[in-house]
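The sequence and structure are shown first.

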Amino acid sequence: MEFTGQAEVVGRIRADLEGLTGSRVRVRANMGRSKIVEREGILMQTHPSLFVVEVEEKRSRTARASYQYVDVLTGTVELTHPESGETLFPWMN
């Protein structure tokens, strides 16, 4: 039964992100071994199990980073509004 609940939450996360495609987001990802990466970029695409953010890097270069919806569910990846700092998923708290 627990698995069904998690699948529903992942589906809701995906649906919320599909509505935000093309918007600026701030991503804070725990990469393990006390390494936390914070990036800001544009939510480019959503796929069945992951989403893609295009981020600005040094010298006006862009890179694409992909993250899984499950990582948002577990708290490994946090998404916030770049200006206000508010979470994109207040219903998860």
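## Basis and contacts of T80

A contact means heavy atoms within 4.5 Å. By that criterion T80 touches V25, R26, G85, E86, T87 and L88, leaving aside residues up to four places away in sequence. T80 lies in strand β5 (residues 77-80); strands are DSSP runs of E with at least two residues, numbered from the N terminus. T80 counts as buried because its relative accessibility is 17% (buried is under 20% relative accessible area, exposed over 50%, partly exposed in between; 1.4 Å probe, protein chains only).

The model is predicted: local features need pLDDT of at least 70, side-chain atom pairs count only at pLDDT 80 or more, and totals for chains, interfaces and linings use all residues. Residues are numbered from 1 along each chain as its sequence is written, and side-chain values use heavy atoms, without hydrogens and water.

## Aromatic rings

Three aromatic pairs are found in the whole structure. F89 and W91 form an edge-to-face pair, 6.0 Å centre to centre with 80 degrees between the planes (ring centres of Phe, Tyr and Trp, the latter by its six-membered ring, within 6.5 Å; planes under 30 degrees apart are stacked, over 60 edge-to-face, the rest tilted). F89 is buried at 3% relative accessible area, whereas W91 is partly exposed at 27%. F51, Y67 and Y69 form one aromatic cluster.

## Strand pairing

Strands pair if DSSP finds at least two bridges between them. Five bridges join β2 (residues 36-46) to antiparallel β3 (residues 50-56), and T46 stands opposite F51. Seven bridges join β3 to β4 (residues 62-68), also antiparallel, with E54 opposite R64.

Methods. Helix = DSSP H or I, 4+ residues; strand = E, 2+ residues; numbered from the N terminus.
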